[in-house]
Amino acid sequence: MKKHWADYGRISPHLKRAVIAAEDDLFVHHEGFDWEGIRKAMEKNQRRGRIVAGGSTISQQLAKNLFLSPEKTPWRKAEEAVVTLMIETVWSKRRILEVYLNVIEWGNGVFGAEAAARHYFGINAANLSQQQAAKLAAMVPSPRFYERNPGSPGLANRAALILSRMPSAQIP
């Protein structure tokens, strides 16, 4: 397993912007929940007749990754909401983003921004370019798939979209 902690200041601002642009563009403005995002995800899932979209914020994903199981049940979602409120009450947005970027998976056994930067680009997380950051952020929803398929058109398209959204992403 590759895992290296990187303090907030040692993570490229490009990666912070890319992940916020990809995962939670209202991160600095909400208190743990993006109600509009949740509503849109529910409507999309209802149209498709199955779960195809989630409305989870970075704070909710962190609550799940740190403290809860990955199972998708109403009970686990309720626990996630409680833990999210606790995280948002106790930690600053900066701390939430720092921990999130250090615990998420970026491939089979590759955890955290520093390990991902070294694994994919042979550099420290502090030195990631905008393009590299966008590619890493694009991998977050399916890291093991994209690790096996780095030339995937879906990955390239998602990275390009994230890159275009990065200038408007606000970081704590």
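Q: Buried means under 20% relative accessible area, exposed over 50%, and partly exposed in between, with a 1.4 Å probe and protein chains only. Why is W35 called exposed?

A: W35 has a relative accessibility of 61%, which is over 50%, and therefore counts as exposed. This is a predicted model, in which local features need pLDDT of at least 70 and side-chain atom pairs count only at pLDDT 80 or more, while totals for chains, interfaces and linings use all residues. Residues are numbered from 1 along each chain as its sequence is written, and side-chain values use heavy atoms, with hydrogens and water left out.

Q: What makes F33 and W35 a stacked aromatic pair?

A: Rings of Phe, Tyr and Trp (its six-membered ring) pair if their centres lie within 6.5 Å; planes under 30 degrees apart count as stacked, over 60 as edge-to-face and the rest as tilted. By this rule the count comes to two aromatic pairs. The rings of F33 and W35 are 5.2 Å centre to centre with 20 degrees between the planes, so they form a stacked pair. F33, at 12% relative accessibility, counts as buried, whereas W35 counts as exposed.

Q: Which kind of aromatic pair do F145 and Y146 form, and how do you know?

A: Their centres are 5.2 Å apart and their planes 75 degrees apart. The angle is over 60 degrees, so the pair is edge-to-face. F145 counts as partly exposed because its relative accessibility is 39%, and Y146 counts as buried because its value is 13%.

Q: Where is Y146 found, and which residues does it touch?

A: Y146 is found in helix α8, residues 143-148; helices (H or I, at least four residues) and strands (E, at least two) are DSSP runs, numbered from the N terminus. Contact means heavy atoms within 4.5 Å. Not counting residues up to four places away in sequence, Y146 touches A138, M139, S152, G154 and L155. The C-alpha atoms of Y146 and W106 are separated by 8.8 Å, and the two residues are 40 apart along the chain.

Q: Why are α1 and α5 called roughly perpendicular?

A: Axes are lines fitted to C-alpha atoms, for helices over the stretch in contact, and angles run from 0 to 180 degrees between N-to-C directions. Angles under 35 degrees count as roughly parallel, over 145 as roughly antiparallel, 65 to 115 as roughly perpendicular and the rest as oblique. The axes of α1 and α5 are 11 Å apart, at an angle of about 90 degrees. The helices are therefore roughly perpendicular to each other. K16, V19, I20 and E23 of α1 make the contact with L97, Y100 and L101 of α5.

Q: What makes α3 roughly perpendicular to α4?

A: These helices pack at an angle of about 110 degrees, with their axes 8 Å apart. That angle lies within 65 to 115 degrees, so α3 is roughly perpendicular to α4. S59, Q60, L62, A63, K64 and F67 of α3 meet R76, E80, V83, T84, I87 and E88 of α4. The contact divides into five nonpolar, three polar and four charged residues.

Q: Why does T84 count as buried?

A: The relative accessibility of T84 is 0%, which is under 20%, so T84 counts as buried. T84 is found in helix α4. Leaving aside neighbours within four places in sequence, T84 is in contact with G32, F33, S59, Q60 and A63.

Terms used:
Nonpolar A, V, L, I, M, F, W, Y, C, P; charged D, E, K, R; others polar.
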